[in-house]
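Here are a few notes to read alongside the model.

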Amino acid sequence: MTATALHDTLASASAHLSEYSGAATAADFGDVRAEFEALVAHAGVYDLGWRAKINVSGGDRTRWLNGMITNNVRDLAVGHGLYAFLLNPQGRILADLYAYNLGSSLLVDTDQSQVGKVLEIFDHYIIMDDVEVTLNEKLTAIGIAGPKARAVLRTAGLDFPELEPLQYQDSTWNATELTIVRGDNSTVEGYELWLSPANVKSVWEAQVESGAKPVGTAALELLRIASGVPRYGQDIREKDLPQETGQQRALHFTKGCYIGQEIVERIRSRANVHRSFTGFEIRGPLPATGSKIQADGKNVGEITSSASLPVASGEYPVALGYLRREAALPGKQLLAGSATAIVAHLPFAEVFKH
């Protein structure tokens, strides 16, 4: 496990530090509820050093990466990115990632906990291709999210045009070169700032001074669950198939062949998904990860994430998991551990009423 470039700055700000996605970073700053409130109602700034950047260069880079992942790199415009899965030949999910077209190269962004596996798979499939894959240790990232995120960035001196989700803009702040990337979470407006580790402390402090509240990974996890976004290694595992995750944004069905494409296409053509990623409102004690979901005494699903979300009225217990198609009826009451799990739409809209 590596420490992020912001680790010492976070420690000096009295953050509680722990491991997240393969890196040591801030879990919280002492008040997770207030940090979550900042993300959904104001603006929260957070370390993204637990993400890794991989450069993909060479004349065959676009054709090669297009044949590796589930989304369409071939037609990806310069300045834009996409979300995708990396599959095995049986269609099982080995990793998830973002890919961006930088013009002269491609950039792959994934968790530190996945980067070793991704690099190993990439290396295995470079045969006679003009492709070079290298870990980029000259970039780290800061995130800022919330309804006032852009206002905070402007106050800090970072102005930029309106960006689409996963579009980026190169910029300069106080002679510091950085890249502003619009996030793809549809529930809150968010941005990433990619920059050199040498400059991350000053840019972080500028966001805090401009009104963003420092938040840790505990609050980010609450936002992830509230938004209904599955996390690789927890909600998305190697045993899962792409269509089961509900992440249609990761799939492209007309781009041509890629590893695992035959299975994905077979599922699409037969409309043959037996279970799907689902949200649940919980009545009773929060079920643990791995808890079976039952209907009439039969197992029909499993819980993969659960949380008690802070809302104006108090706490809102919810969970994410997989549910068999025949049981996935909105409002249907099921059993998860000793709690009642009520099938709910994602995201959990109650959280974002401000």
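How do the residues of the lining of the largest pocket divide into nonpolar, polar and charged? This is a predicted model, in which local features need pLDDT of at least 70 and side-chain atom pairs count only at pLDDT 80 or more, while totals for chains, interfaces and linings use all residues. Residues are numbered from 1 along each chain as its sequence is written, and side-chain values use heavy atoms, with hydrogens and water left out.

1. To the question, then: the lining of the largest pocket divides into 21 nonpolar, 11 polar and 11 charged residues. Here Ala, Val, Leu, Ile, Met, Phe, Trp, Tyr, Cys and Pro count as nonpolar, Asp, Glu, Lys and Arg as charged, and the others, Gly among them, as polar.

2. The largest pocket has a volume of about 1000 Å³. Of its 43 lining residues, Tyr-98, Asp-184, Asn-185, Val-229 and Arg-249 are the closest to the centre. A pocket is an open set of points on a 1 Å grid over the protein atoms alone, where a 1.4 Å probe fits, with protein on both sides within 12 Å along at least five of seven lines; lining residues have an atom within 4 Å of a point. Grid points are joined across faces, edges and corners, and a volume is the space filled by probe spheres set on the points.

3. Helix 7 gives the most to this lining, with five residues. Strand 7 (93-101), strand 12, strand 13 (190-195) and helix 7 (217-227) each supply at least two. Helices (H or I, at least four residues) and strands (E, at least two) are DSSP runs, numbered from the N terminus.

4. The second largest pocket holds about 250 Å³ of space. Among its 16 lining residues, Gly-49, Arg-51, Gln-112, Glu-137 and Leu-139 lie nearest the centre. Strand 5 gives the most to this lining, with three residues, and the lining divides into seven nonpolar, six polar and three charged.

5. Now the backbone. Most residues other than glycine have a negative phi, and most peptide bonds are trans. Ser-14 has a positive phi near 65° and sits in the loop between helix 1 (7-12) and strand 2 (16-20). Ala-175 has a positive phi of about 70°, in the loop between strand 11 (168-173) and strand 12 (176-182). Ser-14 is exposed at 56% relative accessible area, and Ala-175 is exposed at 74%; exposed means over 50% (1.4 Å probe, protein chains only).

6. Finally, please look at the peptide bond from Leu-346 to Pro-347, which is cis, with omega near -5°. Pro-347 lies in the segment after strand 20 (339-344).

Terms used:
Buried < 20%, exposed > 50% of the residue type's maximum accessible area, 1.4 Å probe, protein only.
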